[in-house]
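Subject: Structure handover

Hello,

Here is the structure for your files. My notes on it follow below.

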Amino acid sequence: YLDNQADPGIGMDWVDSAFNDSPWDDGPYAVGFEAASGAQYLLQTVVPAGTSSVYTRITFDIADVAEVQNLFLDVDYDDGYAAWINGVEVHRANLPTGTLYWNTAALAQHESSNSVDFPIYEIQDISATGIPVLQDGENVLAIGVWNIAAASDDLLLSPRLSTNRELTVTRGPYLQLGTPQSMVVRWRTSYPEESRLESGDAPGNLTFSVVDPAPKTEHEITISGLDPETQYFYAVGTSEGMLAGDDADHFFITSPPAGAIRPIRIWAMGDFGEGTPDAMAVRDAYYAYTAGRHTDMWLMLGDNAMPNGTDYEYQTKLFEIYPEILRQTVAWPTIGNHEFGSSNSWNQSGPYYDSFTMPTAGEAGGLASGTEAYYSYDFGNIHFVVLDSYLTDRSVGSPMLTWLEADLASTTRDWIIAYWHHPPYSKGVHDSDVDIEMIEMRENVLPITEDYGVDLVLAGHCHSYERSFLLDGHYGYSETFSELYKVDGGDGREDGDGAYAKLEYGPDPHSGTVYTVAGSGAKLTGGDLDHPAMYISMNEL
């Protein structure tokens, strides 16, 4: 490799097969620097800050070119790159057309994953340009990376060249944004291809298909015109063949008609994204408990992939741990504080927002929010409201709280369930008298949700289980809590003092709300667990 802080005086000769690169330095891929975040340790070969470009060359052998069926170049880069095989350009990205110079500026900033262990590659099928220039025996791959400016504090090139790659499903399929008449099915493949979804009333009888011809690795197909509360089987793949499904395990059940009263099975938990034996024990315990009863919906209460919510963590700690339920049940997530390491709500970017499809325009019922950071939807006679308790403005009069009030005012469903990550009451590992997110959700949000008769509020964040009495009107610190705030001070159990009850169907303001902390989906971290609003607090998975 050759890092260029000045003109090396070799023009573009360095891409030719016969170029003498023996004076260049040697080092393992990747190359670059990330001075701003102090992440230099993530890079295999660090080059000096202030570098305008880096040229790299590597040889590889092909035993028989006739056996090469496809050729892929995957690159994680910052900011632009171009690649040549045996002196012929095969691809360039984020660079101007024409001749490239040592100090050519990339067209725009392009952020890399800054990771060698788990890079996020942009995958390019270079079969058309690359295979014709391959030769039996030794070949030369030359790749240059260019910065947007010499003063830029980051630069990275991490490439991967492969032949005869098999098209496989590497994530999913999984279900999103279900309604009585539609379903979104998503999956990821090993390289870009068209998207084809087939569905029908039984395995082996998938008579309906939807095709998106645009090549992509992140596939997302919406099936419309479905019947409510009906089971459909499905398969995903391409026009050349299905890659997953068309069996008894790949199915979905559309939700009931709007307002329909049905028994509904909901799995709700937070802070489960650890990928540990404890996380899998909780999963298996739920699967055993609900065996024989379909799970209608999965509410993810935040911290769904820890510790930083990276794409790799989502892959290994969510999609590879819970594949069965994800392909049969719609997951409706909210964002937690641990997703903040890789995603943000201001422009709905990063792995959290890339992984899920949330309603922004009222597609599943409720009032359009215009953002995936917070949203609402209906299932039968239940209205669900999902808030962002960490990355979005929680202040009185903010867009989220203004939307919340308007959304709750517009629903007539019998039940209202709201959920977000930071609980308004808890004495777990996080204290609702101390943490600002928990304080603001209690002081600013609860007056709205109780004004409009929300029945149940679910949260995670604290790695414990806590469940309140039927409450109303307590927005202060725990020492100000008294019996006056208990609408019903019983245990709320059918086999005890009796279930909590409301006198009116539909939204019933200030008739009581139950608050639940369900953050022990993967680990326990204790706490005093003595908040007076709670009927029960348990340090148990």
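His510 sits in the loop between β26 (486-488) and β27 (514-518). Helices here are DSSP runs of H or I with at least four residues, strands are E runs of at least two, and both are numbered from the N terminus. His510 is not a glycine, yet its phi is positive, about 55°. At 35% relative accessibility His510 is partly exposed. The cut-offs are under 20% relative accessible area for buried, over 50% for exposed and partly exposed in between, with a 1.4 Å probe and protein chains only.

Before the rest, some ground rules. This is a predicted model, in which local features need pLDDT of at least 70 and side-chain atom pairs count only at pLDDT 80 or more, while totals for chains, interfaces and linings use all residues. Residues are numbered from 1 along each chain as its sequence is written, and side-chain values use heavy atoms, leaving out hydrogens and water.

Asp246 lies in the loop between β15 (241-245) and β16 (251-253). Its relative accessible area is 34%, which is partly exposed. There are cis peptide bonds to check too. One joins Asp78 and Asp79, with omega about 10°. Asp79 is in the loop between β5 (71-78) and β6 (80-85). Another joins Met306 and Pro307, again with omega about 10°. Pro307 is in the loop between β18 and α3. For background, most residues other than glycine have a negative phi, and most peptide bonds are trans.

**Overall**

The protein has 7 helices and 28 strands. Its C-alpha trace spans about 85 × 55 × 40 Å along the principal axes. Of the 541 residues, 55% are buried. Among contacts (heavy atoms within 4.5 Å) between residues at least 6 apart in sequence, 73% join residues at least 24 apart.

**Cores**

A nonpolar core is a set of buried Ala, Val, Leu, Ile, Met, Phe, Trp, Tyr and Cys residues joined through side-chain atoms within 4.5 Å. The largest has 87 residues. Those with the most contacts inside it are Trp298, Leu318, Tyr322, Tyr377, Leu387 and Tyr419. Another core lies apart from it, with 27 residues, including Val31, Phe60, Leu71 and Ile85.

Helix α3 (residues 311-319) has 8 of its 9 residues buried, so it is largely enclosed by the rest of the structure. Leu318 is one of those buried residues. The cover includes β11 (169-176), β12 (183-200), β18 (297-300), α4 (323-326) and α5.

Tyr352 lies in helix α5. It is buried, at 1% relative accessible area. Its C-alpha is 6.9 Å from that of Gly309, 43 residues away in sequence. Beyond four places in sequence, Tyr352 contacts residues including Asn304, Tyr314, Pro333 and Met358.

Gly350 lies in the loop between β19 (330-333) and α5 (351-355). Gly350 is buried too, at 15%.

**Helix pair**

The axes of α6 (residues 399-410) and α7 (residues 436-451) come within 10 Å and cross at roughly 10°. That makes α6 roughly parallel to α7 (angles under 35 degrees). Axes are lines fitted to C-alpha atoms over the stretch in contact, and angles run from 0 to 180 degrees between N-to-C directions. Leu401, Leu404, Glu405 and Leu408 of α6 meet Asn444, Val445, Ile448 and Thr449 of α7.

Best wishes

Key:
Angles under 35 degrees count as roughly parallel, over 145 as roughly antiparallel, 65 to 115 as roughly perpendicular and the rest as oblique.
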